[in-house]
Amino acid sequence: MNQSPDLRILPAVELARMLRAKQVSARELLGACLAQIERVNPKVNAIVTLVAEQALAQAKAADEAIVKSGPLGLLHGLPVAHKDLFETRGIRTTYGSRIFQDHVPDVDALIVERMRHAGAVTLGKTNTPEFGAGSQTFNEVFGRTLNPYDISKTCGGSSGGAAVALACGMVALADGSDMGGSLRNPAAYCNVVGLRTSPGRVPRIAQANAWATLNVDGPMGRTVADTALLLAAIAGPDARSPIAITEPGARFAAPLERGFRNVRVAWFHDLGGVPFDARVRRAVDQQRPVFAALGCVVEDAEPDFAGLDEAFKTLRAWMFAASYAELVGANRALVKDTVIAEVERGSRITGLELARAEMLRTAAFERARVFFQNYEYFVLPVTQVPPFDVTHAYPTEVAGVQMASYIDWMKSCYYISALGHPSISVPCGFTSEGLPVGLQIVGRHQAEWSVLQLAHAFETATGYGQRRPALAEPG
């Protein structure tokens with residue numbers, strides 16, 4: 001079989017077809033990814049733990065299986081990397097923390113378990129900020145991950161390593177997690193696709209709070225169809241999760257084509273006073289005619305997000321305290337200031353404050369439910385600013401407005417997180433400096449399929465995601 005020079009950047013759905021048709025072997029594909037990692041990763045620091053020998057053994061097993069018994073599953077032979085927040089059996093998992101810099105779990109996170117079962121080939125782990133805190137990927141264990149479109153800029157986070165690995169052709173697919181934008185923000189900054197799933201769509205197990213709904217796991221890909229393919233492999237019920245959605249994941253492997261004649265789409269204004277950099281607003285607003293050309297009825301309207309800033313920050317701090325208070329208490333000198341601050345704030349939250357946060361969130365959800373009876377989609381920017389200087393931990397101002405905390409510049413994502421609706425980041429163009437901008441499509445409650453369909457139609461109509469970083473090209 002002849003190795004295609006484009007294996008490193010072909011869509012995963014096409015690679016999956018080629019693997020099944022025996023037009024390429026799993027070992028050839030893995031070889032192309034490993035060569036790209038060797039050449040490009042030192043420039044961007046996306047893959048922080050590489051297990052090439054394990055991956056080669058898995059690829060060999062996949063090639064043997066395709067001859068003897070057929071494909072191993074939906075992701076047969078596709079090279080993947082897992083976010084370094086996810087436990088990986090026999091592979092170092094640090095959570096971006098010096099406390100765990102030599103930690104090797106003996107179990108897989110459920111998302112990893114499902115990807116392995118679907119036939120994916122694990123080649124390593126992707127970088128993430130310490131304990132996933134913040135939408136800028138850096139930590140004291142591995143350092144910064146750089147944006148491949150401009151290495152002086154951030155790649156976003158917390159699934160930053162995953163987004164960069166995808167953009168640079170180091171992997172076919174990647175996983176991630178999202179509390180306040182961690183699947184969507186880095187996807188927007190790296191010109192790939194990231195889907196924030198509904199709570200329970202991709203179940204989680206073995207958590208201190210099994211009923212938690214603010215943080216979710218989900219897929220990332222170079223295209224919407226690739227993202228849907230990975231979702232098909234990782235979604236579906238599991239008895240170990242009390243909030244797992246019972247719908248099987250297989251439905252997400254179906255064709256995404258759909259007509260959008262007279263489908264109502266609401267277009268953002270300012271989310272109740274949220275500032276946006278003019279470059280981001282311009283890039284997103286320029287896409288409005290695309291939706292009209294698809295047949296959509298586009299109107300200026302947005303849900304009422306009142307109370308969600310308070311609700312999200314309270315619930316986030318409480319979750320950090322529940323997860324890390326004991327760890328921080330025993331290892332304070334090894335933990336970054338923002339994590340300590342979240343834990344300390346969460347430890348002070350009273351029962352009444354927690355109840356108020358849940359009531360504010362519930363009221364916003366009800367308002368959104370009524371809103372989405374009139375509109376099938378809500379469109380807005382993923383981020384409030386374009387990729388910024390990688391040496392800055394976070395933006396301190398947006399469009400002249402001072403940011404009160406290290407997460408205030410991500411309201412365009414975490415308001416949606418607090419609602420619990422599925423949302424996707426899809427490439428929508430570049431600033432005049434050549435920095436990627438992402439458009440966010442929010443759907444109705446648990447309507448991932450609908451969100452994927454519109455994102456696919458937009459992607460097909462525009463083609464912005466086909467532009468890969470020059471840094472990743474041979475030369």
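Biologist: How many salt bridges does the count come to?

Modeller: Side chains of opposite charge can pair when their charged atoms come close. The structure is a predicted model. A pair is counted if a side-chain nitrogen of Lys or Arg lies within 4 Å of a carboxyl oxygen of Asp or Glu. By this rule, the number of salt bridges is 28.

Biologist: Which parts of the chain does the salt bridge of Asp84 and Lys125 tie together, and how many residues apart are they in sequence?

Modeller: The side chains of Asp84 and Lys125 form a salt bridge, with N to O at 3.2 Å. Asp84 belongs to the loop between strand S2 (79-83) and helix H4 (110-117), whereas Lys125 belongs to strand S3 (residues 121-126). The pair therefore ties together parts whose separation in sequence is 41 residues.

Biologist: Is Lys125 buried or exposed?

Modeller: A residue is called buried when its relative accessible area is under 20%. For Lys125 the relative accessibility is 0%. Lys125 is therefore classed as buried.

Biologist: In the salt bridge of Arg279 with Asp277, which residue is buried?

Modeller: The closest N and O atoms of Arg279 and Asp277 are 2.9 Å apart. Arg279 has a relative accessibility of 30%, so it counts as partly exposed. With a relative accessible area of 15%, the buried residue is Asp277.

Biologist: By about how much of a helix are Lys313 and Asp309 separated?

Modeller: Lys313 and Asp309 meet through their side chains in a salt bridge of 3.3 Å, N to O. Both lie in helix H10 (residues 308-331), 4 residues apart. Their separation is therefore about one helical turn.

Biologist: How are Lys313 and Asp309 classed, buried or partly exposed?

Modeller: The limit for buried is under 20% relative accessible area. Lys313, at 18%, therefore counts as buried. Asp309 has a value of 22%, so its class is partly exposed.

Terms used: Residues are numbered from 1 along each chain as its sequence is written. This is a predicted model: local features need pLDDT of at least 70, side-chain atom pairs count only at pLDDT 80 or more; totals for chains, interfaces and linings use all residues. Side-chain values use heavy atoms; hydrogens and water are left out. Helices (H or I, at least four residues) and strands (E, at least two) are DSSP runs, numbered from the N terminus. Buried means under 20% relative accessible area, exposed over 50%, partly exposed in between (1.4 Å probe, protein chains only).
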